[in-house]
Amino acid sequence: MSDSNMISVIKNYQAKNGKITHTAPRDFIPKNEQKWLFTENGEFNPQMYKIFLFREAANHIKGGTLNLRFSDKYKSIDDYLIGYNRWNLEKKELIERANINHMYEMKDALLLLKENLVEHYKKTNENILTNEYLKFGKDNKPRVTTPKLTEVTSHFVHEAIGENVYIPLTKILSDINYSTDFTSSFLHYSRKSSKDSPAGNIIYAAVIALGCNIGVRKMCKISTGIGADKLEYVVRWFFSRDNIDEANQMILEITDKLSLPKIYLQKKDSLHTSSDGQKFNVTVPSINATHSFKYFGTGKGISAYSFIDEKSKLFYNSVISASEREAGYILDGLLHNKDIDSDMHSTDTHGYSEIIFGVCNSLGILFAPRIKNYNDQLLYTFKDFPRNTYESKGETIVNKEQLESYEYQNKVLKAWKKSNPKDHEKLSIYYQGYQASEKGKK
């Protein structure tokens, strides 16, 4: 449903055919800004009224309080959901298609979630004692330090290709094409056309121009024997989204068959994926381009949101507005790709929300974002297990007793480090012994 006040204002604007007078409704304009509707002589300024109207309409559309009937992005939320009648008739089929059969009976699913939550709170609190990277500060808030990455030996790469040897991108693309024939995916926009695919060197030049953000014109200047008109023609008529996805699909399939990329898997029985956005300036008219002073100053830009797995396989990408939160596009990449079944997915703070946690859990995907200012995040529990249930057992991460005992825990850790043992799993046993000895002193 749309905001009734804004609907009436817009209908008044349409009825007047844009010819606004001082009688037009202006309650939607903040009172401290209504003074700008009049000139110094006290005359009504219809142009300023239109500016306020368009601004407020845009804010309501983005906020979801003003919906469009014909739109891909700004319809009412109910238009994107499965209808009540269809859900009752096709519930079983829809649940099977979503691969969430385990949630068919919601009562049983909620009971399992409650049990898992209790167990995870308990396990987390037990691990706090043995976690050398977690401490409590003087403000009674936890502090987490990131462990150093293990050094990766890469001398064998230099031995294989030689020191200070640079392989041209065209050579790499040529070798990839020899194994995958990905250039055959670049067919003319009109599939019925009899025109063959362009020559390999032109496709390589177009891939480098677009992939490295060099641009077509500049690519022609640094290339030999490729005219700007020819390259622009190839990009315009052969580099459709479907063609690029098909070429990428061919490369992903053969990459998955290779043994070398598997060495990057941390766990052989699970796959860890991640996604992040990269900002790009846009100087031409674009639907997705928006202002963002932080990234583009006074200009406009977009965010290229990409998904990658542990094997460095780029399996999904999308172009979104730089002002939109990336969390809204997480499920697109995880569900709308043909190649990757993720077991764990990570993002930055911009890519997480409570809803994403819940949906990923339902799909059997462990959502593990790296959240900035995690101290300020809100922890949830079921009504059946309120906060005091955990506190009475000492099984809550934010237990008052735990927060008050941060100095004591740090003291234990310091004493433990002085003894410099290698087996950190014995820390909990050491903690219990230390605690008993302290009580004996008292």
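The accessible surface of the chain comes to about 31100 Å², and carbon and sulfur atoms account for 54% of that area. Areas were computed by the Shrake-Rupley method with a 1.4 Å probe, and for residues only the protein chains shown count as cover. The model is predicted: local features need pLDDT of at least 70, side-chain atom pairs count only at pLDDT 80 or more, and totals for chains, interfaces and linings use all residues. Residues are numbered from 1 along each chain as its sequence is written, and side-chain values use heavy atoms, with hydrogens and water left out.

The chain contains 18 helices and eight strands. These are DSSP runs numbered from the N terminus, with helices (H or I) of at least four residues and strands (E) of at least two. Of the 442 residues, 29% are buried. Buried stands for under 20% relative accessible area, exposed for over 50%, and partly exposed for values in between (1.4 Å probe, protein chains only). Contacts are defined by heavy atoms within 4.5 Å. Among contacts between residues at least 6 apart in sequence, 53% join residues at least 24 apart.

Confidence was examined next. The pLDDT, the predictor's confidence in each residue, runs from 0 to 100. Its average over the chain is 83, and 84% of the residues score at least 70. Across residues 398-407 the pLDDT is below 50. That stretch has 17 contacts in the model beyond near neighbours in sequence.

The nonpolar cores were then traced. Such a core is a set of buried Ala, Val, Leu, Ile, Met, Phe, Trp, Tyr and Cys residues joined through side-chain atoms within 4.5 Å. The largest has 21 residues. Phe-182, Phe-186, Met-219, Leu-231 and Phe-239 touch the most other members. Helix 8, helix 9 (216-221) and helix 10 each supply at least two residues of this core. Helix 8 gives the largest share, seven residues. Met-219 touches Ala-205, Ile-208, Ala-209, Ile-214 and Leu-231, residues up to four places away in sequence being left out.

Aromatic contacts followed. A pair of aromatic rings is described by the distance of the centres and the angle of the planes. Rings of Phe, Tyr and Trp (its six-membered ring) pair if their centres lie within 6.5 Å; planes under 30 degrees apart count as stacked, over 60 as edge-to-face and the rest as tilted. The whole structure holds 13 aromatic pairs. Phe-186 and Phe-239 are stacked, because their ring centres lie 4.4 Å apart and their planes meet at 25°. This pair links distant parts of the chain, 53 residues apart. Phe-186 lies in the loop between helix 7 (169-180) and helix 8 (200-211), and Phe-239 in the loop between helix 10 (228-238) and helix 11 (241-257). Both residues are buried.

Phe-357 and Phe-367 form an edge-to-face pair, at 5.0 Å centre to centre and 75° between the planes. They sit ten residues apart, Phe-357 in helix 14 (residues 354-362) and Phe-367 in strand 8 (residues 366-367). Phe-357 is partly exposed, at 33% relative accessibility. Phe-367 is buried, at 6%. Phe-28, Phe-38, Phe-44 and Tyr-49 form one aromatic cluster.

Lysines also meet aromatic rings. A charge sits over a ring if NZ of Lys or CZ of Arg is within 6 Å of the ring centre and within 35 degrees of the ring normal. Lys-91 lies over the face of Tyr-104, 4.7 Å from the ring centre. The charged end of Lys-279 sits over the ring of Tyr-295, at 4.6 Å from its centre. Tyr-295 belongs to helix 12 (residues 293-296) and is partly exposed, at 42% relative accessibility.

Two loop residues have positive phi. Phi of Asn-99 is near 60°, and this residue is not a glycine. Asn-99 lies in the loop between helix 4 (84-97) and helix 5 (106-130) and is exposed, at 56% relative accessibility. Asp-181, also not a glycine, has a positive phi of about 60°. Asp-181 lies in the loop between helix 7 and helix 8 and is partly exposed, at 41%.
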